[in-house]
Amino acid sequence: MPKYVAAIDQGTTSTRCILFDHGGKIVAADQKEHRQIYPQPGWVEHDALEIWERTQQVVRGALEKASAAASDVAAIGITNQRETTLVWEKATGRPIYNAIVWQDTRTDAICNALGDQNRLREKTGLPLATYFSGPKIKWILDHIPGAREKAENGELLFGNMDTWLIWNLTGIHVTDVTNASRTLLMNLASLDWDPEILALLDIPRRMLPRIASSSEVYGQARGALGGVPVSGDLGDQHAALFGQTCFLPGEAKNTYGTGCFMLMNTGERPVPSKNGLLTTLGYKIGDQQAVYALEGSIAITGALVQWLRDNLGLIEKSSDVETLAATVADSGGIYFVPAFSGLFAPYWRSDARGAIVGMTRYVNKGHIARAALEATAYQTREVLDAMEKDSGVSLKALKVDGGMVFNELLMQFQADLVNVPVIRPQVAETTALGAAYAAGLAVGFWNNFDELRANWGKDKEWQPQMEPAQRETLYTGWKKAVTRTFDWA
C-alpha cells in the first residue's frame, strides 16, 4: 500500500522533490539549484536539460532519504515556475533555445507593437506584458532560424516547465488550466487556446499542449518513479493557494519566493480587475467546475536578497540579511524599489528600473538590508489594497508561505503594514503540498477537501503593532519612491 505522494517543485532558482505522508507532513526532501543565465541586460534564461537532470537527481535523492521505492509512492504532482517558456524538437526532445524565464523583458517591443496593454484582458484576464509566455514563444519562432517552419510542420512543441517535466516523465504533451492561464493564449471562459490570439501572435496551435484539469492522471512515470501515475499539475502560486486550503471565495495567501504572489479565491466565476491585478485560474479538480482567482504578482522580493548577496557581497548567505537588517532600528529614511524587471502589479510598468531613494551619509549597509526587506512588505500592501478594491472583501488575516516567511523581522513589518494578522502554517512548503494534494486526490490517496483542511495547522502568528499614523507616513513615502523609478527603460 503506497504511503506517500511525491511533489516535484520546479522553481526559478532550484528544483525540489518532497515526499508527503497522508497527514500532509514532509517525510523527505531533496533540492538542487540550477544556473541563472544572463546573456544581456533584461534577458534571463535557464538550461532546460540541466533542469531535467536536476529533477531526476532530486527524485532519486528524496527516495533515498526516505528509504522508499516507487511502490511506496501513490502519485506524483508537478508544480513549477510559471510563464518560463521552452520550445523543443518533438523527435529528439532537444530544446531549440534556452528556456526564457518569466522575469525576462526581451519581448517588450513585441508587446508594445500589439498596442493597447488591455486589448486581451477580457479574454485572458492578463495585460499585454513581457511576463507571459505567448510573446516569448513568438520571439523564439521569430529569432531561431527555421523554427517557424518546423513549428508549422508539427515538429516543435511548446511548454512551460510543467509541460517539459511531464513530457520527459511520461511522453505526454499536456498542461493544466492554471499554467495555460499564464500564457496570454488561453480563453478564461472556454479554458482552451484562443484562435484569434494565436493568429495575432502567429503561433501554430499544433505546437501547444492539451489543456487538462489540475488533478487527473496524465500518464505513468518512467525512471526512478517508474509506473507511478503523474496526476497533479499546478503553477506554483496556484499550488500554494491549494496547499493553504483556500477553498472558499475570499480566502487568500501570499507566497514569498524569488518574487511575491498573492492569490485570492474568487469562486467559479472570473472577477475582472480594475486595479492592476490579474484574473487567473485558481485550480480545477477533475470534472469539477474551475475555480478562479485574483492575483497580484511582484517580480522581485527574495531575488533582491540574492542580489545583495551575489552582486554586492553585503551578506554571505541569504539568511544573513535579517541579522544585518536588525543592526539598525529602521531603514534610515530610505526606500529600495527593486524594479529590476520593471514593475508588475498594480503598475505594469516595463519602463521602470530599480532605485534606492532618500540616501544620506547616515545610511549604512544595515539600512540597505532593512530597506530591501521592507520593499517586499510595501509591495504586498499595494497588492492587498488592489485586491480588496476589486473583490469587495476585506481580509481578516493573511496566510503566508515560501522561503522568506522564516524572516521574523519581515513578517512583523508585514503585519504592521497591512494591519491584519500574518499567519504561517506548520508546513511552509505549501507550493509542493498543493501539487501533492492535487495528485493524491486524483488517485484516491485523499478523498475530499475536508481531509486536506484537517491537515492545515498554524505555526506562528504576527499581530500588527504599529501606530496608524506611522504606518501611513511610511506607506506614503513608499508610493512617492515608486514614482521615481518610472521612464528609465
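Which residues of H9 are buried? The buried ones are Asp236, Gln237, His238, Ala239, Ala240, Leu241, Phe242 and Gly243; buried means under 20% relative accessible area, exposed over 50%, and partly exposed in between, with a 1.4 Å probe and protein chains only. Keep in mind that this is a predicted model, where local features need pLDDT of at least 70, side-chain atom pairs count only at pLDDT 80 or more, and totals for chains, interfaces and linings use all residues. Residues are numbered from 1 along each chain as its sequence is written, and side-chain values use heavy atoms, with hydrogens and water left out.

**View 1. Helix H9 meets helix H14.** H9 covers residues 236-243 and H14 covers residues 430-443; helices (H or I, at least four residues) and strands (E, at least two) are DSSP runs numbered from the N terminus. H9 is mostly covered, with 8 of its 8 residues buried. The two axes come within 7 Å and cross at roughly 75°. Axes here are lines fitted to C-alpha atoms, for helices over the stretch in contact, with angles from 0 to 180 degrees between N-to-C directions. That makes H9 roughly perpendicular to H14 (under 35 degrees is roughly parallel, over 145 roughly antiparallel, 65 to 115 roughly perpendicular, and the rest oblique). Among the H9 residues that meet H14 are Asp236 and Phe242, and their H14 partners include Leu433 and Tyr437. After H9 comes Thr245, with a positive phi near 55°.

**View 2. Tyr131 and the largest nonpolar core.** This core has 107 residues, and Tyr131, Leu185, Met207, Leu208 and Tyr256 have the most contacts inside it. A nonpolar core is a set of buried Ala, Val, Leu, Ile, Met, Phe, Trp, Tyr and Cys residues joined through side-chain atoms within 4.5 Å. Helix H12 (residues 365-391) supplies the largest share of this core, 12 residues. A second, separate core of 36 residues includes Ala6, Ala70, Val174 and Ala212. Leaving aside neighbours within four places in sequence, Tyr131 is in contact with residues including Arg82, Trp102, Phe261, Phe344 and Trp348; contact means heavy atoms within 4.5 Å.

**View 3. A cluster of rings.** Ring pairs link Trp102, Tyr131, Phe132, Phe261, Phe344 and Trp348 into a cluster. Searching the whole structure turns up 26 aromatic pairs. Rings of Phe, Tyr and Trp (its six-membered ring) pair if their centres lie within 6.5 Å; planes under 30 degrees apart are stacked, over 60 edge-to-face and the rest tilted. Trp102 and Phe261 have ring centres 5.8 Å apart and planes at 70°, so this pair is edge-to-face. Trp102 sits in the loop between strand S7 (99-100) and helix H2 (108-113), and Phe261 in strand S16 (residues 260-267), so the pair ties together parts 159 residues apart in sequence. Both Trp102 and Phe261 are buried. For Phe344 and Trp348, the centres are 5.3 Å apart and the planes at 15°, so that pair is stacked. Phe344 counts as buried at 5% relative accessibility, and Trp348 is buried at 8%.

**View 4. Charges over rings.** The charged end of Arg106 sits over the ring of Trp43, 3.7 Å from its centre. Lys399 places its charged end over the ring of Trp456, 4.5 Å from the centre. To count, NZ of Lys or CZ of Arg must be within 6 Å of the ring centre and within 35 degrees of the ring normal.
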